[in-house]
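Hi,

Here is the structure I promised to send over. Please have a look at it first, and then read on for my notes.

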Amino acid sequence: MILVINLFYRNPLIEYDLDSSDCELFDFQGENSDGVGFKNIIIDSFENHERLFQVATHNFNLFIRELSNSMLEGEHVRNFQINGLPIFWLTSISEKLYYHWLVKAFFLKELIKTNDSYFKGYNEIIFLIPDRYKGTVGFLNGFLMEFNLSTSFLFSKKNKENKYVRFFKISVKQIISYFTVRKPILKNKNYRITFISSLSQPLYSKNFIKNILSVAKIKEEEVSFIPIELFHFSDNLVEYEIPEKLWYAKPIFWSYLNFIYKCFNLILRLNKVDSEFITVNKVQFPTTLLINELQEVLILKNDLLLMNLWLSRFKEGIDNNGSFFYEDEFHPGGRAISHGLQGLNTYGMQHSMYGPSHNLYNFSDEELYDFEDITRGMPRPKKFIVWGDYFKKLFLLNNSLPDSFILSLGNPSFIKKLEESKLIPKTNKKNVVLYCLTRYEIFLQELVIVKKSLLTLDKFKLIVRFHPLWKFEEELVLEMFKDLDCEISFTEDVFEDMKSSNLVITSAHSGVWLESYILKIPTIRVQTFMSDQIEDSSITHTVKNSQEMEESLYKMKRNSYEHDNDFLYLRKDRWQAFIKEVNA
């Protein structure tokens, strides 16, 4: 018997010459879980898989701490910079998202340690390797050497485009856009408050900003909006206004060409690094993997580098009294903004739920600071606004950032919705269960738990709604629930669906349950292997199997429901006091 392992995100089986006979598939991303002809190995089938995943993410975080301070042939990795911004901080590996292949590799190692005989029971273990990750072969061989497994590697049929060709194509496209982008409406005014966001942001984010204005009693004409699309030279058809000084801070064409030259020159410089491995926490990590991450920033994310350059030029022409607010502050785009506006009053805004297992918010002093050069630490906003003291304590757990770095002001959308919920007439709701989906592969894992439990309920209507970023075939969902009275919701605001629901079901890692928490609607959080380790309350229960779900459904019929202000701060006063101080 052969075991086929996939560690990589967006790595479909169709790109490989695989014979499914005599093969079992262990897909760590869950994206190929409906692979035809393969028996799928489910992570849940391994005993203590949750604890092992926690150990793996801990080891991964330790690894990234050291990697961020590693040397490439005598050169500190943070010394590779554009406009003074260490490009390491814009890499996917420094972002530490749960689906990065290296997180999965650490998890696999922990599984093998505790299930050695299981993995040795296979005649061969084949790893599926995308063309752009060929360097992982050397890493995996060394990383798993102690287990003496019979391993081989199968490479994708889809070849990666030459990096120089890709850089040239992107650069030419940007140069054309530089000249053809429409001039926005310019406002000759110094604004005290500016929001940086996307024109195509989902409804939730639009309402988030709108609710800040409402809760803090700010008039819309008193604030400025800067669309991210401006820095991409996007010719968006939506008209928008920006500060005049920002438009005229746009790099002149020769400066822009110099920017392209510097990016290309750094790509060449990185190509000259010829050391084979760097040692990080006793792990031999192929240099090519780190170089590829750095070069991808220069090629695929150079719009973020351009945004950083543009904002730094803008910063030079304004006073220091303004305040800038933005989401995604610890993702690469947010880091580029923080660095570009360094020294100004910048505020990151928590945009989604996070828990102890979210690597993105797990920062050590080794990452945040650089004791040799203060300019090389991870870019961050001046302050970070969170939804409640729970998130504040969690963020400060692994670093020495001052308590004042976190502002526990509350989520303005939740505050507003709580107000609105008090105006809803109390009526007897019909039996309606709302199931909020996330990604397709997670839905397939949850289905085993959810469907069996729902069949035990008395007559009810099931309403299913897709995540705004992850939509898949409606017919497939309806077919899965053909034995139930099921329909798909296309309502824009999830809050509207919740108001008519008696029970909400959602993925444990999703923030949707917070909306039902505000309305005091019983909620089941279905946990696959991604747990945020949030404790159960009278309103919310986290379940891992159908038996736990059935038990929770029974208990919830008998519970009374109350809010915890330490978890979500749901009053206006902090936002109002904060904005008054900002405008003083």
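Leaving out residues up to four places away in sequence, which residues does S275 touch? Keep in mind while you look that this is a predicted model. With those sequence neighbours set aside, S275 touches E73 and T287. S275 belongs to the loop between α9 and β14 (277-280), and with a relative accessible area of 26% it is partly exposed.

Now for the chain as a whole. There are 21 helices and 25 strands in it. Its radius of gyration is 25 Å, close to the 25 Å that the globule rule gives for 584 residues, so the chain is as compact as a globular protein of that length. The C-alpha trace spans about 65 × 65 × 45 Å along the principal axes. Of the 584 residues, 55% count as buried. I also looked at contacts between residues at least 6 apart in sequence: 73% of these join residues at least 24 apart.

H331 and L90 are 241 residues apart along the chain, yet 7.7 Å apart in space from C-alpha to C-alpha. H331 is found in the loop between β16 (323-326) and α12 (332-340). Is H331 buried or exposed? H331 is buried, because its relative accessible area is 18% and the cut-off for buried is under 20%. Not counting residues up to four places away in sequence, H331 touches E95, L97, H351 and L360.

Let me begin with α9 (residues 253-271) and α10 (residues 287-300). These helices pack at an angle of about 170°, and their axes are 9 Å apart. That angle makes α9 roughly antiparallel to α10, because anything over 145 degrees is counted that way. On the α9 side the contact involves C263, L266, I267, L270 and N271, which meet I291, L294, Q295, L298 and I299 in α10. Sorted by class, the residues of this contact are eight nonpolar and two polar, with no charged ones.

The second pair is α3 (residues 101-114) with α5 (residues 136-143). Their axes come within 11 Å and cross at roughly 20°, which means that α3 runs roughly parallel to α5. The crossing of α3 past α5 is right-handed. From α3 the contact draws on W101, L102, A105, F106 and K109, and from α5 on T136, F139, L140 and F143. Here the classes are seven nonpolar, one polar and one charged.

What is the angle at which α16 and α20 pack? The angle is about 45°, and the axes are 8 Å apart, so α16 lies oblique to α20. This crossing, too, is right-handed. I449, V450, K452 and S453 of α16 make the contact with S546, M549, E550 and L553 of α20. Four of the residues in this contact are nonpolar, two are polar and two are charged.

K96 is not a glycine, but its phi is positive, at about 65°. K96 is found in the loop between α2 (92-95) and α3, the helix that contacts α5. Its relative accessibility is 1%, so K96 counts as buried. N83 also has a positive phi in a residue other than glycine, near 55°. The loop that holds N83 is the one between β6 (81-82) and β7 (85-86). N83 is partly exposed, with a relative accessible area of 33%.

That is everything from my side for now. I look forward to hearing what you make of it.

Best wishes

Notes. Residues numbered from 1 in each chain as written. Predicted model: local features only at pLDDT ≥ 70, side-chain atom pairs only at ≥ 80, totals over all residues. Heavy atoms only, no water. Axes fitted to C-alpha atoms, helices over the stretch in contact; angles between N-to-C directions. Helix = DSSP H or I, 4+ residues; strand = E, 2+ residues; numbered from the N terminus. Parallel < 35°, antiparallel > 145°, perpendicular 65-115°, else oblique. Contact = heavy atoms within 4.5 Å. Nonpolar A, V, L, I, M, F, W, Y, C, P; charged D, E, K, R; others polar. Left-handed = near helix turned anticlockwise from the far one by under 90°. Rg over C-alpha atoms; globule rule 2.2 N^0.38 Å. Buried < 20%, exposed > 50% of the residue type's maximum accessible area, 1.4 Å probe, protein only.
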